[in-house]
Amino acid sequence: MRWENLTAESEHGRADTALFDADAVTTRTFDTPEFRGITFHEVRARSILNRVPGASRMPFEWTVNPYRGCTHACVYCFARKTHSYLDLDTGIGFDTQIVVKVNAPELLRRQLASPRWQGEHVAMGTNVDCYQRAEGRYRLMPGIISALTERANPFSILTKGTLILRDLDLLIRAAEVTDVGISVSVGFTDHDLWRTVEPGTPAPERRLDVVRTLGEHGIGCGVLMAPVIPFLGDHPDQLRATVRAIAAAGATSVTPLALHLRPGAREWFMAWLTDHHPHLVRRYERLYAEGAYAPKWYQRMVTRQVHELAREFGIGPTRAGAHRRPSPPESATDTSEPDTSEPETTGPVQLTLL
């Protein structure tokens, strides 16, 4: 496994100092039901504030990612490719070999105190979920949120995890002094689909309970309706059921994103598709023949349907990249992507999802 020579280029396309101290890596396993079969690699990171590449059109420039790998085990997760930089498997390995940056809170506090830091917005949950199952044991987010709050530094969080409610008091305190944006990812409410493509995540209705609870405590929460999965989760009845549930939870906005299949994720997803829905393989090969992203016509179709439903159920889609206190972030990645602007509310929106 490559620890010593791994540089920041692996995450953000540029060379920098090594990401981890090679002599400070501890591997642990825990014999508890929730962590059985999972290996944790505890590392001491050398930097925790990551700059988004200049070519990216994301509405933020800095991210914090306390974990690599994710026990959510979403078969479509774009971040799978990043595990290959550590000589780790991008399939099962991504789901079960979790890198934990155990010094993330203290390191962030130190970096925020630097005179060079200008208090820019910090996005979290843009690579893997910072409230995945491991956070229940390592408890890195309370220290991270506290460090940002102490500096009144604006931040946003995107998550599929209900564990965020553990830190509700910290989020309320942060929202009193700075801009805080929260988004929850719910691409569909179909339980059969959820069990197969997102086996390690809380059920969709539990995630929507997070939206509801945050709203009841004065923290507006949007929903990233991602991914909308072609031929499996995009039927008009499915879209209607999902938007209706999102509206009932009190979401401040809904942003639909069609499934995209970047290298690393594409191979894993297509293998899953072959096993579970072999009749769809050729349709996917045709739909994604031009690359990782669904065709513009498909993106526009999904976006139009969801936005029409959002208006019907009383929630207005927020323009991609818009941020107002305490609105959620309208994107979910710190990598360079195709055009993410949405000049019209019926136009396509294609950002990377968690």
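**View 1. An open sheet of four strands.** In this sheet the strand order is E1-E2-E6-E5, and the pairing is mixed. Strands (E, at least two residues) and helices (H or I, at least four) are DSSP runs numbered from the N terminus. Two strands pair if DSSP finds at least two bridges between them. Strand E1 (26–29) and strand E5 (67–68) are the edge strands, each pairing on one side only. The model is predicted: local features need pLDDT of at least 70, side-chain atom pairs count only at pLDDT 80 or more, and totals for chains, interfaces and linings use all residues. Residues are numbered from 1 along each chain as its sequence is written, and side-chain values use heavy atoms, with hydrogens and water left out.

**View 2. The pairing of E5 with E6.** Strand E6 (residues 97–101) and E5 are antiparallel and share two bridges. Tyr67 has Val100 in E6 as its bridge partner. Strands of a sheet pair through backbone hydrogen bonds, either parallel or antiparallel.

**View 3. The buried and exposed residues of helix H9.** Leu239, Thr242, Val243, Ile246 and Ala247 of H9 are buried (under 20% relative accessible area, with a 1.4 Å probe and protein chains only; exposed is over 50%, partly exposed in between). Seen down the helix axis, the buried residues of H9 fall within an arc of 135°, so they line one face; the arc is that of the directions from the axis to the C-beta atoms. Asp237 and Ala248, on the other side of H9, are exposed.

**View 4. The end of H9.** Gly250 follows H9 and has a positive phi, near 85°.
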